[in-house]
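This report is written for a reader who meets the structure for the first time. Please look at the sequence and the model below before reading on.

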Amino acid sequence: MNVLAKPVLGLEAFLAWENEQPERHEFHRGEVFAMVGARRVHAVVVDNLRAGLRQHVKGSGCRVFGESAKLQIGDDTVLYPDVFVTCDQADLATDIVFRSPLLVVEVLSPSTVAYDRGLKFALYRRIPSLREYLVVDPDSRRVEAFRRDAAGQWFIHDMSESDTLEVACLDGRIPMSELFDGVDAPPAEIR
C-alpha cells in the first residue's frame, strides 16, 4: 500500500493563501485549520471584553484587537485570538500579522475548551512578550488568568467568584457584570 504524504505548507505560502480567503484559518506546523462561527454568547462576551479593555488602554500607546487579527507565533504558527492587547511598536505599525501581545484572551465554546486550555495555551506560552492569558467561560461564568512572573513561571488566578476581572499586566479591572452583560445567568447546576 502506498501512502501519500500530506503536503506541508510554509508560513509565507499560508499567509499569501489566507489573505485571499473569505473565511479565517489557523496554521500550525504546515497544517491549516478552518475557523468555525461563534455562538451569540461568545460574540457578546468578546465585544464586552474589547470595550472594557479599550477603555482601559485609551491613551496608553497600547491597542486592543479582536478575532479578525492574525497573531504569528514563531515561524510555524498563526492563530486568531478572540482578543489581544499589544503595546509593541512593530505590532502597532503592522497591517496584517501581529507578533508581540502582552495579553491574550480566549472565550471558551464547548467545542474549543480542550484546544484553548491545551495546545493553544502551550503555543501562546512561546510568545516572549506575553504576560497574561485569560480564559473566559460564558456558560459557567468561570474566569481564569494565567500570569507569567518575572522568572517566566506561569500561575493560575481563578476569578470566577470575584465581582471583578483583574487584568494584572495592564493594571486594569472590568466588573464581571459588564463582562457578562447580555449573557443569561447559567443554571444553578453549572455554577
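**Confidence and the record**

The model is predicted, and the mean pLDDT of the chain is 91, with 93% of its residues reaching 70 or more. Among the elements of the chain, strand 6 (residues 83-86) has the highest mean pLDDT, 98, while strand 2 has the lowest, 87.

UniProt, in an unreviewed entry, lists residues 11-167 under "domain: Putative restriction endonuclease".

Six strands form an open sheet in the order 3-6-8-9-10-11, and their pairing is mixed. Strand 3 (63-66) and strand 11 (154-158) are the edge strands, each of which pairs on one side only, and from one strand to the next the twist averages 15°. Strands of a sheet pair through backbone hydrogen bonds, in either a parallel or an antiparallel manner. Strand 8 (residues 101-107) and strand 9 (residues 132-137) run parallel and are joined by five bridges; L103 has E132 in strand 9 as its bridge partner.

**Helix 1 and what covers it**

Helix 1 (residues 11-18) has L11, F14, L15 and E18 as its buried residues. Seen down the helix axis, these buried residues fall within an arc of 95°, so they line one face of helix 1.

| Strand | Residues |
|---|---|
| strand 1 | 25-28 |
| strand 2 | 31-34 |
| strand 4 | 70-73 |
| strand 5 | 77-79 |
| strand 7 | 97-98 |

**A residue in strand 6**

V83 is found in strand 6, the element with the highest mean pLDDT of the chain. Is V83 buried or exposed? V83 has a relative accessible area of 0%, and because buried means under 20%, this residue counts as buried. Leaving aside neighbours within four places in sequence, V83 is in contact with V46, L49, R50 and L53, with V64, F65 and G66, and with L103, V104 and V105. L103, one of these contacts, is also the residue whose bridge partner in strand 9 is E132. V83 and D137, in turn, are 54 residues apart in sequence and 14 Å apart in space, taken from C-alpha to C-alpha.

Notes. Residues numbered from 1 in each chain as written. Predicted model: local features only at pLDDT ≥ 70, side-chain atom pairs only at ≥ 80, totals over all residues. Heavy atoms only, no water. Buried < 20%, exposed > 50% of the residue type's maximum accessible area, 1.4 Å probe, protein only. Helix = DSSP H or I, 4+ residues; strand = E, 2+ residues; numbered from the N terminus. Arc of directions from axis to C-beta. Contact = heavy atoms within 4.5 Å. Pairing = 2+ DSSP bridges. Axes fitted to C-alpha atoms, helices over the stretch in contact; angles between N-to-C directions. pLDDT = per-residue confidence, 0-100. UniProt positions renumbered as here; feature names shortened; annotations may be inferred.
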